[in-house]
Amino acid sequence: MSWGTELWDQFDNLEKHTQWGIDVLEKYIKFVKERTEIELSYAKQLRNLSKKYQPKKNSKEEEEYRYTSTRAFLATLNEMNDYAGQHEVISENMTSLITAELTRYVQELKQERKSHFHDGRKAQQHIETCWKQLEASKRRFERDCKEADRAQQYFEKMDADINVTKADVEKARQQAQLRHQMAEDSKAEYSSTLQKFNSEQHEHYYTHIPNIFQKIQEMEERRIVRIGESMKTFAEVDRQVIPIIGKCLDEITKAAESVDHKNDSQMVIEAFKSGFEPPGDVDFEDFTQPMKRTVSESSLSNSRGDGKSEPKFGSKSKGKLWPFIKKNKLMSLLTSPHQPPPPPPASASPSAVPNGPQSPKQQKEPLSHRFNEFMTSKPKIHCFRSLKRGLSLKLGAGPEDFSNLPPEQRRKKLQQKVDELNRDIQKEMDSRDALTKMKDVYIKNPQMGDAASVDHRLAELGQNIEKLRLEVQKFEGWLAEVEGRLPARSEQPRRQSGVYEAQNASGVNSCAQDRESPDGSYTEEQSQETEMKVPATDFDDEFDDEEPLPTIGTCKALYTFEGQNEGTISVAEGEMLYVIEEDKGDGWTRIRRNEDEEGYVPTSYVEVYLDKNAKGAMTYI
């Protein structure tokens, strides 16, 4: 089956068919290109999706990924990222193995097709030229034959006419012979041209055209084979990544199977366990006896009676605070004693400055009175910044030893700190060992460097390691102290006395820490003092985006103030500072010494000079 023999007369149709084949190939190339674009877009969207749900560094989300369920989700995100990478591989392989190859092949195919059909047209033009020569020779032979016949008839007519001279007859005879000779010559030429044409025509239809059409057929068959191979490659590219995609899915399944609800529950206990024990039973208060009312420390208000109780009541009066009370900020504010800023001292001497809270010898008001006062009063809350300012005086960053945390949480934090410091020490020691080796190399090979150049850095590393070791010893001491107090022993945890400290800068009465003895009186025993602090994140989350306050004036310290509470700042008499927030009615003014030091001082301790765009200079005496 050959196009040269079967389609010898279908030159034009073959030309159209081969052009259609090239169009089909180009259409398939376009299809593969769009497929690669879809794969890239899909991979990009998958990567963006995985990135969108990845935990942010140094955020709460990072801490949440310690649970098995969230770790499984993180593994799923990572595997989806690899899954997206396989779709990128599909796109790259299709582009290199199919699109690029077929594009180059199409160009070659077009050139080959053009060459074959050019040879076909040239052969057709040659046979048409031979045909035209044959037709011209045939017409010339036909014309000469007719001319010879007419000359013969004229000679015969002249020869039969008796009136015609002999010379005329001879002339007619010669003319007839000449025409017969020309006819014979034309006949011979026609015969030769005919033989030549038949030979050319046989060569054309049985040799040239079959060869040309055979090449075109082979070209078309190669195109068909090539597009079939490309379609096979199209499938193989997908099939090659299926095992890797399967591994990604297997890893997702493995991560899902690793979810352990029991382990997560235990981690919740470890994360939030306080180490405290539940509060004891509420004591019975007998109002029939002629004695003063005693209130149990485990009540919500955490207030105590003034009178001396019976031994069975007094034995539990030194119990710890109910740990759940600190979540109720309203009750914390209501049960706190009134504490305004300290008054200015009688002299500028530092010994005369009462930096601490006023002597807490006043009788606490009942909870009902406090609640009524809170509901009926109209505090002057100027803005949320003022409210935050008051709370920040007591709710600042926790102490270095994490003493504001419950025992179990404090132990975990201290252990983390010790581990972190040990890692830092190891890093510094590794750096020191590397520098020591470098120094040895420099000593042995002075041309490589100066050994004395690393001495300064080695000294710095030694100092850093010593400092870190001291820090480790300090935190290990606190850790040992906490581990000795954890409920591993049989004795009850020590009851803590004290009330919450918080200060509201909006005009609501501030609170100060005070201590009570079992009989209701106050004691200054420092060993029993425990300040309960509410984590700053409970309130400050709403103010994370607050911009630094601009400077609105300057102030001069009239007295020395030693800021011992959180949020306050120490100032010396005569010191000039910048004012960044006026007194909002709570008796405190916010000042700044430099970019890193700012805080609150009592308004009565400073003389304020506001800028011109404020309401003029103002002095608080």
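These legends walk through several close-up views of one predicted model. As the model is predicted, local features need pLDDT of at least 70 and side-chain atom pairs count only at pLDDT 80 or more, while totals for chains, interfaces and linings use all residues. Residues are numbered from 1 along each chain as its sequence is written, and side-chain values use heavy atoms, with hydrogens and water left out.

**View 1. Strand β3 is covered on both of its faces.** Strands are DSSP runs of E with at least two residues, helices are runs of H or I with at least four residues, and both are numbered from the N terminus. On one side of β3 you will find W588, R590 and R592, and on the other T589 and I591, with all of them buried.

**View 2. Strand β3 pairs with β2 in the antiparallel sense.** Two strands count as paired if DSSP finds at least two bridges between them. Strand β2 covers residues 576–581, and its pairing with β3 runs over 3 bridges. For a landmark, look for V579, whose bridge partner in β3 is I591. The two strands make a hairpin with 6 residues between them, where G585 takes a positive phi near 105°.

**View 3. Strand β3 also pairs with β4.** Strand β4 holds residues 598–602, and the antiparallel pairing of β3 and β4 extends over 5 bridges. In this pairing, T589 stands opposite V601 of β4. The hairpin formed by β3 and β4 has 5 residues between the strands.

**View 4. A salt bridge joins the side chains of R593 and E575.** Side chains of opposite charge can pair when their charged atoms come close. The term salt bridge is used for a side-chain nitrogen of Lys or Arg within 4 Å of a carboxyl oxygen of Asp or Glu, and the structure holds 23 of them. For R593 and E575, the N to O distance is 2.7 Å. R593 sits in the loop between β3 and β4, and E575 in the loop between β1 (553–557) and β2, so this pair ties together parts that are 18 residues apart in sequence. R593 is partly exposed at 26% relative accessibility, and E575 is partly exposed at 21%.

**View 5. E598 and R592 form a salt bridge.** The closest N and O atoms of this pair are 3.1 Å apart. Are its two members buried or exposed, or in between? E598 is partly exposed at 32% relative accessibility, whereas R592 is buried, with a relative accessible area of 16%. Salt bridges with shared partners link E581, R590, R592 and E598 into one network.

**View 6. Within helix α4, R150 and E147 form a salt bridge.** Their closest N and O atoms are 2.1 Å apart. Helix α4 spans residues 68–160, and the two residues are 3 positions apart in it, about one turn of the helix. R150 is partly exposed, with a relative accessible area of 45%, and E147 is partly exposed as well, at 25%.

View 7. T70 counts as partly exposed, at 21% relative accessibility.

**View 8. W8, Y205 and Y206 make a nonpolar surface patch.** The patch has an area of about 360 Å²; accessible areas come from the Shrake-Rupley method with a 1.4 Å probe, and for residues only the protein chains shown count as cover. Patches are built from residues with over 30% relative accessible area and no salt bridge, joining like charges within 9 Å and nonpolar side chains (Val, Leu, Ile, Met, Phe, Trp, Tyr) within 5 Å. Y205 belongs to helix α5, residues 166–257, and is partly exposed, with a relative accessible area of 30%.

Methods
Buried < 20%, exposed > 50% of the residue type's maximum accessible area, 1.4 Å probe, protein only.
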